[in-house]
Amino acid sequence: MERVGFLLDMDGVLYRGNEVIPGAEGFLRELRERSIPYLFLTNNSQRTQRDVVHKLAKLGIPAREEEVFTCAMATARFLAHQQPGGTAYVIGESGLVNALHGEGFTIADDEVDYVVVGEGRTLTFEMVEKGTRLVDKGARLIATNMDTTCPTEAGIRPGCGAIVSMIERATQRGAFSVGKPSPVMMRAARTQLGLRTDETIMVGDTMYTDILGGVQMGYRTVLVLSGHTTRSAADLFAFRPDLICESLAEIPREFFLTERAA
Ligand SMILES: [Mg+2]
């Protein structure tokens with residue numbers, strides 16, 4: 001039997017703001033009933049796995065912590081591999097700090113190995129100044145992701161990519177980014193599900209993260225139009241997804257069930 005599994009972006013795929021996208025819960029239920037593995041893949045580094053499960057529960061979507069993989073977790077695992085027991089100055093929130101602690105990192109604000117930047121609403125100019133000076137003195141600059149904006153109910157706000165660019169410009173040093181579309185996160189997610197490349201399907205609403213990441217890895221890709229990308233905006237990109245659907249619920253079952261044993 002051919003196996004398949006899904007990497008599912010969250011914002012714009014499962015929900016939009018505080019509203020569930022119709023059909024999302026039913027689609028997940030079907031995956032569970034058919035024992036098709038899936039992992040929620042988010043470029044939001046603010047929340048821990050538990051926080052994400054709580055948010056989903058409030059929306060009526062049951063989830064378990066181990067079904068959540070954030071760019072903060074991907075970043076922490078990557079850094080623990082690069083430099084076990086390292087130190088970091090963090091510009092970000094609990095999701096990122098927890099993930100780094102969980103991987104054996106120490107958070108400090110002097111003589112650190114890394115400056116790690118995520119998104120959040122607690123940013124101050126002093127934090128940017130501190131991060132800039134540490135990078136200038138030799139700390140390596142890491143971004144959880146390069147999304148320039150985050151969607152909110154009221155409109156966009158600056159994302160991690162916008163925050164990290166202040167330090168990049170000031171120090172003339174480029175950040176290394178771990179979140180989608182980086183192969184570091186895309187591959188780690190597939191490995192966690194125990195899938196091969198040709199068994200993996202990435203579903204997302206953003207071309208330059210979800211779909212680009214999937215295309216680069218050789219995964220099958222589905223762009224859903226339930227988020228902030230329109231069909232005409234998607235057409236402007238030089239790469240394209242395998243499939244474009246209105247929402248998760250509209251993905252034709254034959255797209256992922258045909259070759260499975262009946
Ligand atoms: Mg999204």
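## Ground rules

Numbering starts from 1 along each chain, following the sequence as written. Since the model is predicted, local features need pLDDT of at least 70 and side-chain atom pairs count only at pLDDT 80 or more, while totals for chains, interfaces and linings use all residues.

## Two domains

The protein chain is assigned domain 1 (5–43 + 180–257) and domain 2 (82–177); the bounds come from an automatic or database domain assignment. Taken over C-alpha atoms, their centres sit 27 Å apart. Domain 1 puts 7 residues into the contact and domain 2 puts in 5, where contact means C-beta atoms, placed from the backbone, within 7 Å.

On the domain 1 side, 5 of those residues are polar, 2 are charged and none are nonpolar. Here Ala, Val, Leu, Ile, Met, Phe, Trp, Tyr, Cys and Pro count as nonpolar, Asp, Glu, Lys and Arg as charged, and the others, Gly among them, as polar.

## Helix α8

Helix α8 covers residues 207–217, with M207, T209, D210, I211, L212, G213 and G214 buried. Helices are DSSP runs of H or I, at least four residues, and strands are E runs of at least two, numbered from the N terminus. The cover over the buried residues of α8 includes α7 (183–193), β13 (200–204), β14 (220–224) and α9 (231–235). Just after α8, G218 has a positive phi of about 80°.

## L79

L79 belongs to helix α3 (residues 71–82). L79 counts as buried because it has 24 C-beta neighbours inside 10 Å; the cut-off is 20 or more other C-beta atoms within 10 Å, all placed from the backbone. Setting aside neighbours within four places in sequence, L79 contacts G86, E103, F105, Y114 and I142.

Methods. Contact = placed C-beta atoms within 7 Å. Buried ≥ 20, exposed ≤ 12 C-beta atoms within 10 Å, placed from the backbone.
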